[in-house]
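The sequence and the structure come first.

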Amino acid sequence: MTTATTSVSLTGTDLHLSFGTNKVLRGVDIHVDAGKTTSVIGPSGSGKSTLLRVLNRLHEPEQGDILLDGRSVLDDNPDALRQRIGMVFQHFNLFPHRTVLDNIALGPRKLRGLSKDQARAVALEQLELVGLAEKAQSRPGNLSGGQQQRVAIARALAMKPEIMFFDEATSALDPELVKGVLALMTDLASGGMSMVVVTHEMGFARSVSDTVLFMDRGVVVETGKPEALFEDPQTERLQAFLSQVL
Ligand code: ADP
Ligand code: MG
């Protein structure tokens, strides 16, 4: 798969964020090498989604820095930053009354300034890459949840992101549909896309990630190569978490 234009490295250092008195991120460090995948695992409420939203500045960090390709992005226009980052969520939020192709073409047309024909060509190319070209003229509601999520991934890729964020992209899917989405994410990773993947899919985290980060209560409790984290967890908290999810 040759979707990655130029993938960049991402570094977050000492990131802090509170909601009122709730300190949700308490000094988080994260790093993704260019073309590599970092998975973020941890219990519900530990701050994983908030971390992604801080990294694309939907929430401004109260402290810390965010670097793409080694350069701080905190002084950049947040919209410009968000165009460099593709986001895929649990709920795909496709426009139900538009065709699959139009759903994907909308971003390139509106935000990348492509002509209608150019945007549709880009959309079709991405749709082919996710294996759904024959659904171009369908409405999202006529697709399975797994197919809709692959369309959402195509929509993100059509913006030519330099890095992709996934937030529990398979959590809302019926079990039999999870595999196809994970296979696509695996293809993207091996095609050299930089990715941050928040996931409960421990098989994916273990087999596809270059680095795994275990978060609990707003801090990174352990980080390292997947083999090390899964086979030899150093903390009681990670041991307890793994014994619940594996
Ligand atoms: P996770 O994704 O690991 O389940 P979240 O990042 O969603 O965790 O949430 C971490 C904490 O931040 C939770 O206590 C949650 O209630 C709180 N939180 C998340 N988003 C908001 C928000 N927009 N306003 C207030 N509190 C929030
Ligand atoms: Mg979350």
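Helices are DSSP runs of H or I with at least four residues, and strands are runs of E with at least two, numbered from the N terminus. In these terms, α3 is the element that gives the most to the lining of the largest pocket, with five residues. The structure is a predicted model.

**Largest pocket and helix α3**

The volume of the largest pocket is about 640 Å³. Its lining comprises 22 residues, and those nearest the pocket centre are Ile85, Met87, Leu111, Arg155 and Met159. Two or more lining residues come from each of α2 (78-84), β6 (85-88), α3 (100-111) and α5 (145-157). By residue class, the lining of the largest pocket holds eleven nonpolar, seven polar and four charged residues.

Helix α3 also has a set of buried residues: Val100, Leu101, Asn103, Ile104, Ala105, Gly107 and Pro108. The cover over these buried residues includes α4 (116-129) and α5. Just after α3, glycine 113 has a positive phi of about 70°.

What does the side chain of asparagine 103 reach? Asparagine 103 sits in helix α3, and its side chain reaches the backbone nitrogen of phenylalanine 95 at 2.7 Å. Asparagine 103 has a relative accessible area of 3%, and the limit for buried is under 20%, so it counts as buried. Apart from neighbours within four places in sequence, asparagine 103 is in contact with Leu94, Phe95, Arg98, Pro140 and Arg155. Of these contacts, Arg155 is also among the residues nearest the centre of the largest pocket.

**The largest cavity**

The count of cavities of 30 Å³ or more comes to one. The space in the largest cavity is about 30 Å³. Glu168, Ala169, Thr170, Met185, Val197, Val198 and Thr199 line the largest cavity. These lining residues divide into four nonpolar, two polar and one charged.

Two of the residues that line the largest cavity, Val197 and Val198, fall in strand β8, which spans residues 194-198. Strand β8 pairs with β3 in the parallel sense over four bridges. Strand β9 (residues 211-216) is likewise joined to β3 by four bridges, and these two strands run parallel. Threonine 38 has valine 196 as its bridge partner in β8, and valine 40 has leucine 213 as its bridge partner in β9.

Strand β3 (residues 37-41) is largely enclosed by the rest of the structure, because five of its five residues are buried. In a regular strand the side chains alternate between the two faces of the sheet. For β3, both faces are covered: Thr37, Ser39 and Ile41 are buried on one side, and Thr38 and Val40 are buried on the other.

Serine 194 lies in β8. It is buried, with a relative accessible area of 0%. The side chain of serine 194 reaches the backbone nitrogen of glycine 35 at 2.9 Å. Setting aside residues up to four places away in sequence, serine 194 touches Ser7, Val8, Asp33, Ala34, Gly35, Lys36, Glu162, Ile163 and Met164.

**The antiparallel sheet**

A further group of four strands forms an open sheet with antiparallel pairing, in the order β2-β1-β4-β5. The edge strands are β2 (22-32) and β5 (71-72); each has a single partner strand, so one side of each is left without a neighbour in the sheet.

Strand β1 (residues 10-19) pairs with β2 in the antiparallel sense over eight bridges. The bridge partner of glycine 12 in β2 is isoleucine 30. β1 and β2 make a hairpin with two residues between them, and glycine 20 in the turn has a positive phi of about 60°. Leucine 67 has serine 72 as its bridge partner in β5.

| Strand pair | Sense | Bridges |
|---|---|---|
| β3 and β8 | parallel | four bridges |
| β3 and β9 | parallel | four bridges |
| β1 and β2 | antiparallel | eight bridges |

How values were computed. Residues numbered from 1 in each chain as written. Chains lettered and ligands numbered in written order. Predicted model: local features only at pLDDT ≥ 70, side-chain atom pairs only at ≥ 80, totals over all residues. Heavy atoms only, no water. 1 Å grid on protein atoms, 1.4 Å probe; cavity = no way out; pocket = protein on both sides within 12 Å on 5 of 7 lines; lining within 4 Å. Points joined across faces, edges and corners; volume = space filled by probe spheres on them. Nonpolar A, V, L, I, M, F, W, Y, C, P; charged D, E, K, R; others polar. Buried < 20%, exposed > 50% of the residue type's maximum accessible area, 1.4 Å probe, protein only. Polar contact = N/O pair within 3.5 Å; in protein donor to acceptor, adjacent residues only side chain to side chain. Contact = heavy atoms within 4.5 Å. Pairing = 2+ DSSP bridges.
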